[in-house]
Protein chains: 2
Amino acid sequence: MLDGGFEGKLYAVGRGGQIWGMPIYPNIKDIPGTVDYVIVAIPKHLVLDLLDDCAAKGVKVVQLFTAGFSEARGGSELEEEMVRRARRAGIHIIGPNCIGVYCPASGMNLPGAIAKQMEKGSAAFISQSGGHAGAMIEMGFCQGIRFSKVVSFGNGCDLDSVDFLEYLALDPETEIICAYLEGVKNGTRLVETIKQVSRVKPLIIWKGGRTRAGAKAATSHTGSISSADAFWAAALRQAGAVKVGSLEELADTMLAFQQLHRWEGNRVAIITGTVGAGGGACVAGSDACLSEGLEVPFLSDETREQLEALLPPAGSISHNPVDVGMIAAFNMQGFARAMELVLADPNIDLAMIHLPLNYLVTSLSQEEFHTLLDILIHFRNTQDKPLIVIAPPFLVEAQWEAMVARFSQPRIPVYPSFERAAKAIAKVMQYWEHRTDEGTTSS
Amino acid sequence: MLDGGFEGKLYAVGRGGQIWGMPIYPNIKDIPGTVDYVIVAIPKHLVLDLLDDCAAKGVKVVQLFTAGFSEARGGSELEEEMVRRARRAGIHIIGPNCIGVYCPASGMNLPGAIAKQMEKGSAAFISQSGGHAGAMIEMGFCQGIRFSKVVSFGNGCDLDSVDFLEYLALDPETEIICAYLEGVKNGTRLVETIKQVSRVKPLIIWKGGRTRAGAKAATSHTGSISSADAFWAAALRQAGAVKVGSLEELADTMLAFQQLHRWEGNRVAIITGTVGAGGGACVAGSDACLSEGLEVPFLSDETREQLEALLPPAGSISHNPVDVGMIAAFNMQGFARAMELVLADPNIDLAMIHLPLNYLVTSLSQEEFHTLLDILIHFRNTQDKPLIVIAPPFLVEAQWEAMVARFSQPRIPVYPSFERAAKAIAKVMQYWEHRTDEGTTSS
């Protein structure tokens with residue numbers, strides 16, 4: 001919490017003494033001021049007494065790291081008793097068996113390596129796994145995702161997925177909601193909530209425990225009873241949520257929702273070969289798009305004629321996918337003109353630009369490299385078709401990070417491969433199509 | 001070539017003068033010594049004359065960067081004439097429209113950022129795309145893959161995929177062969193070659209241009225006529241090769257073949273929670289394995305009892321997947337004992353160990369971290385069941401690289417996610433199963 005820059009009052013409770021200049025109170029009731037929120041990391045057999053103390057102190061929320069409840073043999077009764085006492089006292093519980101809440105705006109932090117990542121954003125993530133919550137913040141930060149709130153809620157014995165989803169649907173700081181769920185206490189209510197939330201904000205759901213062995217692990221992890229994957233797939237589709245199957249896919253999809261405004265159409269321009277490595281990228285990009293139901297149509301005859309006049313005669317491809325034949329290496333304004341021509345083409349709805357950083361770094365000066373990025377930022381700011389950058393980070397991690405940082409504010413998402421970009425784009429399109437259809441149906 | 005440490009004789013040919021202290025000869029025929037191999041980067045209208053000069057000089061192989069042949073409008077005739085002249089003179093052509101050969105053992109190098117990556121290994125890669133060839137070397141190096149030879153052969157007008165595959169099957173430096181192919185000149189012969197090569201070495205094939213748009217791009221890229229994906233999938237399966245669909249999948253599969261000896265059985269132990277983040281990893285690992293046809297069986301009663309006695313009572317899972325409940329944070333020898341118990345279990349054929357580097361870095365001292373890696377290396381060296389490490393690299397890239405470097409020689413492959421590891425492992429198993437079946441059938 002201190003690393004995260006939390007500015008509220010913090011009190012330590014334990015066996016007495018001092019920590020970082022703060023007194024350690026023997027009991028929560030000994031704290032002089034009011035206490036809103038209690039973070040608990042004590043053995044489970046002490047938790048009921050602690051709850052009674054919290055009730056006496058007028059605490060509103062208790063978050064429990066403490067584990068060994070419904071996820072463990074013989075732990076369900078203790079969890080039920082804990083919920084009974086909390087509800088009687090008007091206390092809400094986050095957890096048990098969770099790492100709690102991350103909220104950069106208020107400096108609320110999670111344990112682990114996350115400490116310094118407190119820049120705030122518009123994506124929310126709720127997770128039954130603390131490990132996934134931490135991993136998502138880290139992975140997301142590397143890709144350019146910034147969060148409003150991340151909540152690890154473990155067993156969800158009191159506040160559960162439905163409560164957090166309802167809260168985030170109304171939260172003005174949150175534009176996209178993502179969830180990692182293992183179990184469902186009330187399936188009908190959850191699906192109904194997902195349906196309502198999906199109507200107002202993009203909702204992406206990763207359901208863990210979708211296989212027999214995964215479900216078994218989920219029961220041991222958070223005491224969850226998982227249901228069949230087929231049921232989930234159908235329910236989420238009908239409810240208008242976006243289904244993903246891994247942390248990577250979740251982050252990729254979140255990034256696309258965060259960085260791309262809503263657009264119409266699935267006709268992709270693929271632009272490659274800025275300073276080389278264009279041909280294979282054209283093929284990979286086309287295969288990736290078509291595999292996800294996106295189109296890579298021919299450019300109009302007019303655009304193609306203009307491109308042919310502009311691009312070098314050998315090593316370029318001027319239909320679509322486009323290989324600009326290394327034009328950025330010797331004629332940067334020619335590259336800008338090629339971008340302009342392709343983006344203005346009436347057959348095109350969005351563009352993926354392949355930037356082979358390894359070649360860019362060796363072929364261009366630092367200044368030319370940033371001019372190239374400026375050109376993309378210019379088109380992102382001056383026309384409506386979304387731009388997506390494809391750039392493998394290998395051996396050029398520092399340049400990759402610098403590029404992601406420059407593209408973050410103008411909202412150009414960067415993916416390491418066409419396959420991952422196409423998958424994310426297709427999911428965003430499916431969401432908006434469903435939402436449009438729903439709108440039409442209900443009007 | 002100089003950056004790569006090439007130790008043979010290099011001659012420059014061009015308009016005269018000097019470069020890096022070497023004379024630039026006006027014509028290849030002016031070079032005093034014999035010339036084996038010519039790297040060509042001149043406009044295409046000069047290539048036929050150059051070939052005649054090469055013939056006069058007794059050159060054996062010509063590699064052409066030069067593009068604008070069968071991949072471009074009106075370029076097929078020139079390519080055909082070039083092949084006729086080369087064959088008449090006993091010259092072999094690599095390319096045109098390619099970046100050539102990378103061979104760390106002899107210091108043969110490719111352009112781009114690859115320069116310093118000259119450590120040799122056992123994986124070969126042939127590619128119709130120069131961009132993919134370079135990207136694979138870079139991606140591979142980051143993951144721990146080392147190469148015997150990488151060949152970018154572009155249009156493959158003379159030496160083609162079949163020739164390179166036959167060569168690599170007999171190359172003693174090569175243990176695994178990978179190919180990125182766009183087109184097929186003689187499908188029957190290629191499939192027959194793939195079948196024969198797959199019998200002696202693992203052969204992994206990524207076919208680009210598997211969709212309509214991808215095939216169109218492939219024609220413009222290397223003049224290739226792609227065939228339907230369904231045909232390819234069936235042909236590769238029958239021929240015993242491993243089919244992949246992206247550069248990432250190709251690298252992941254190559255890594256598993258390179259680092260894992262052959263083993264029997266698909267029953268995976270999933271070991272998580274060294275210092276935390278175990279629960280979600282258990283679920284994700286189980287889902288990933290089951291989705292790829294691997295099993296995550298219960299451990300024997302005996303192992304489970306011993307694990308339960310060893311692991312902390314809360315926050316641990318002692319069936320399989322296993323969450324060791326942060327034992328490595330306070331009892332490193334206990335972690336070693338848990339590893340020993342799981343690996344000795346008769347229900348287990350291989351193990352995936354989840355290492356959340358972010359938590360390891362903050363929870364353990366540098367020394368403890370390396371002790372943990374030592375424990376894994378010890379078990380890799382002293383028992384036969386393969387170990388695979390799962391570790392997300394985000395925000396801990398330096399530690400990730402250090403770990404991959406330490407695991408490279410003892411041959412423990414590292415993957416950023418369970419999903420990618422499971423996919424690669426399943427492909428390796430399918431290969432060996434097919435090869436075993438073939439052996440049985442033909443005996």
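Contact here means heavy atoms within 4.5 Å. Helices (H or I, at least four residues) and strands (E, at least two) are DSSP runs, numbered from the N terminus. Axes are lines fitted to C-alpha atoms, for helices over the stretch in contact, and angles run from 0 to 180 degrees between N-to-C directions.

This is a predicted model, in which local features need pLDDT of at least 70, side-chain atom pairs count only at pLDDT 80 or more, and totals for chains, interfaces and linings use all residues. Residues are numbered from 1 along each chain as its sequence is written, chains are lettered from A in the order in which they are written, and side-chain values use heavy atoms, without hydrogens and water.

**The sheet in chain B**

Chain B holds an open sheet of six strands, ordered β7-β9-β8-β10-β11-β12, with mixed pairing. Two strands pair if DSSP finds at least two bridges between them. β8 and β10 of chain B pair in the parallel sense over five bridges.

| Helix (chain B) | Strands touched | Angle |
|---|---|---|
| α8 (247-259) | β8, β9, β10, β11, β12 | about 180° with β11(B) |

**Where the chains meet**

Each chain gives 63 residues to the contact between B and A. About 4,700 Å² is buried between them; this is accessible area (1.4 Å probe) lost on being put together, summed over both. The two chains share two salt bridges (Lys or Arg side-chain nitrogen within 4 Å of an Asp or Glu carboxyl oxygen). A:Arg73 forms a salt bridge with B:Glu308, with closest N and O atoms 3.4 Å apart.

Notes
Buried area is the accessible area (1.4 Å probe) that two parts lose on being put together, summed over both.
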